[in-house]
Amino acid sequence: MKGCLFIVAAPSGAGKTTLVRELLARDSAVKLSVSFTTRKPRAGERDGVDYHFVTREQFQRMREQGEFLESAEVHGNLYGTSRVWIEGEMAAGRDILLEIDWRGAGQVRAAFSEAVGIFILPPSIEELERRLVGRGLDAADVIARRLANARNEMKHVGGFDYVIINNELHSAVDELVWVVRAARLRLPVQRAHHPQLFFQLTQSDDED
Ligand code: 5GP
């Protein structure tokens, strides 16, 4: 195992997108997976950058052909992670980050047990509500549905390795950076990056 696979999940409004953007700015070795979705682009979103925007028919065809490592329906839209892209990046030993929901996270962890699961929580339910309303991107019924979904999403925090409470952005970004750095120091990753060193330093004639 050379590259690390990070999964970042959070309820809508926890600040995941900002945190991930800050992480990528501070750590250029991490590459973000661009998901496929049937959701319509929001203002300012670009095809191929924020998401690959596809029709439901295209998505279903891709799913039938096994093109997704994981896929899930979130807020009434379909989302999926490209299997080919992930496998290619993993084979090249690159660090990849997936911004996906808890269902997708479970599917990825079933395929890659060494994946590092990170869950972002808001500091309180009141703050989460305030942030969901404050974004001003969606209609009231959409916000209400997202809040209900957020509560449901947070019930699945138990399936993750690390939890970051996003109270103050700078501290939360620091914590995310630390998790990524610590994950790179895991024995199998270090061994894969420094095979000669491990061989030289750990081979010996006598046993202890
Ligand atoms: P949004 O539409 O607001 O960008 O994302 C809505 C939700 O879909 C978020 O929780 C996000 O993490 C999740 N999501 C985005 N891409 C994927 C994906 O490829 N797979 C899964 N399972 N969830 C995704």
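Which residues surround the ligand, and which are the closest? Select the ligand and its shell: 17 residues surround it, the closest being Lys16, Ser35, Arg39, Tyr51 and Tyr79 (a residue is near if one of its heavy atoms lies within 4 Å).

Before you click on: this is a predicted model, where local features need pLDDT of at least 70 and side-chain atom pairs count only at pLDDT 80 or more, while totals for chains, interfaces and linings use all residues. Residues are numbered from 1 along each chain as its sequence is written, and side-chain values use heavy atoms, with hydrogens and water left out.

Now color the shell by class: five residues are nonpolar, five polar and seven charged. Here Ala, Val, Leu, Ile, Met, Phe, Trp, Tyr, Cys and Pro count as nonpolar, Asp, Glu, Lys and Arg as charged, and the others, Gly among them, as polar.

Next, show strands E5 (68–74) and E6 (77–82); each supplies at least two residues of that shell (strands are DSSP runs of at least two residues, numbered from the N terminus).

Ligand oxygen atoms lie 2.4 Å from a side-chain N or O atom of lysine 16 and 2.4 Å from one of tyrosine 79.

Last stop: isoleucine 164, in strand E9 (residues 162–165). Buried or exposed? Isoleucine 164 counts as buried because its relative accessibility is 2% (buried means under 20% relative accessible area, with a 1.4 Å probe and protein chains only).

Key:
A polar contact is a pair of N or O atoms within 3.5 Å; within protein, one must be able to donate a hydrogen and the other to accept it, and residues adjacent in sequence count only if both atoms are side-chain atoms. Helices (H or I, at least four residues) and strands (E, at least two) are DSSP runs, numbered from the N terminus. Buried means under 20% relative accessible area, exposed over 50%, partly exposed in between (1.4 Å probe, protein chains only).
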